[in-house]
Amino acid sequence: MKLNFRFAIVSDLHIALPETIWDHPSRFHLVEVSIPAFDSVLEHLTQLDLDFLLIPGDLTQHGEAANHKWLQNRLSQLPFPSYVIPGNHDVPVLIANEQSIGFADFPYFYQKFGYENPEQHYYNRQIFPGVRLIGLNSNSFDDQGQQIGRLDSQQFQWLEQQLAGIEDELVLVMIHHNVVEHLPNQSRHPMANRYMLENASELRTLLQRYGVKLVFTGHLHVQDVACADGIYDITTGSLVSYPHPYRVLEFNRDELGSESLQVVSHRVNSVPDFPNLQTLSRQWMGDRSYPFVLKLLTLPPLSLPLAQAQTLAPGLRDFWATIADGDAMLEYPHFPIHVRRYIEEYSAVNDGNPAFIDNHSTLLIG
């Protein structure tokens, strides 16, 4: 059956009304632009005849009820359906406190945006004939009430039952944590592993068994397309972090059954109080990069002595911004050879050749 539809992804909005903005000198997020940037994106998207919008988590700054209510109201005004899932920032605590809603509260804010059953943090929706969206919750809590990125056994059982009951429909999956590595050794690196779903390989095995090939994630604040076990994980950067991106995608299945997904990325270049948002935001990230880069250099696998790391770190000021931009090419010819080789592993290279698929590409799905 032929199939064609167009949709958008905007991720990690971190919506923060002015009175809720959490200020800290080292924060990476430019939450001051969250609302005007989102308004700018929606102004564009409402002109495109979209079929739906996906928002894969971190809808709010820190799970504030006022910010959830603002977003609930804004989404209700759109001319196309929107579907959301919770990120770690949306449900940071199990029980509500003076700042954040409780874990159980989240679906009640978004009953029109996927959660028709607000007693459950995940859902299966036919968004139109031939296409299903499964929204998963990757936020769990351990015995001490600490948040972890993991699918619990109950959700796994539910997911397998849902997939087993789906026939002749395209299945899209949305989840906040990454299920395919987007960075070198991401699932084991001490800085990057928290962005991966703890049981990602188990989820990939299940999705592969039922022929699911498209997963949409957030959390990492990076523009990247990665593939493992025949599954594409398309992660979209944050609207409040450089380069303030969003995506418009078009799926096509022709008469012969060949399937493709066209990915086109856009970015917010300016908002009223930040007319040069791209320049300012890259500078903002660079100004806050030193502790991050120092940690990267001194932790395994590099494990550089602190003195050497302190010498090299200023040269990596734009390292994370370049990665966040997608399609990164990183060259540091003056660095020691082993450091240079490690840093260059973050470049967009496949089998020794540049592979620029993170922002603009057409993926052949099947």
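Visitor: How far apart are the centres of domain 1 and domain 2?
Guide: In this predicted model, the centres of domain 1 and domain 2, taken over C-alpha atoms, are separated by 27 Å.

Visitor: And which residues does each domain cover?
Guide: Domain 1 runs over 3-267, and domain 2 over 277-353.

Visitor: How many residues are in contact between them?
Guide: On the domain 1 side there are 22 residues in contact with 24 residues of domain 2.

Visitor: What area do the two domains bury between them?
Guide: The accessible area lost when parts come together is often used to give the size of an interface. Here, domain 1 and domain 2 bury about 2100 Å², with 69% of it on carbon and sulfur atoms.

Visitor: Which residues of domain 1 lose the most area to domain 2?
Guide: Those are Phe28, Met191 and Tyr242, which together make up 38% of what the domain 1 side buries.

Visitor: What about polar contact across the interface; how many residue pairs?
Guide: The rule finds 12 residue pairs in polar contact, both at pLDDT 80 or more. The count of salt bridges between domain 1 and domain 2 is one.

Visitor: Where do Asp325 and Arg267 meet?
Guide: Their side chains meet in a salt bridge, at 2.5 Å from N to O.

Visitor: Changing topic: is Gly135 buried or exposed, and why?
Guide: Gly135 counts as buried because its relative accessible area is 0%, under the 20% cut-off. Gly135 lies in strand β5, residues 131-135.

Visitor: What is Gly135 in contact with, leaving aside its neighbours in sequence?
Guide: Beyond its neighbours within four places in sequence, Gly135 is in contact with Ile85, Tyr122, Tyr123 and Met174.

Terms used:
Residues are numbered from 1 along each chain as its sequence is written. This is a predicted model: local features need pLDDT of at least 70, side-chain atom pairs count only at pLDDT 80 or more; totals for chains, interfaces and linings use all residues. Side-chain values use heavy atoms; hydrogens and water are left out. Helices (H or I, at least four residues) and strands (E, at least two) are DSSP runs, numbered from the N terminus. Buried means under 20% relative accessible area, exposed over 50%, partly exposed in between (1.4 Å probe, protein chains only). Contact means heavy atoms within 4.5 Å. Domain bounds come from an automatic or database domain assignment. Buried area is the accessible area (1.4 Å probe) that two parts lose on being put together, summed over both. A salt bridge is a side-chain nitrogen of Lys or Arg within 4 Å of a carboxyl oxygen of Asp or Glu. A polar contact is a pair of N or O atoms within 3.5 Å; within protein, one must be able to donate a hydrogen and the other to accept it, and residues adjacent in sequence count only if both atoms are side-chain atoms.
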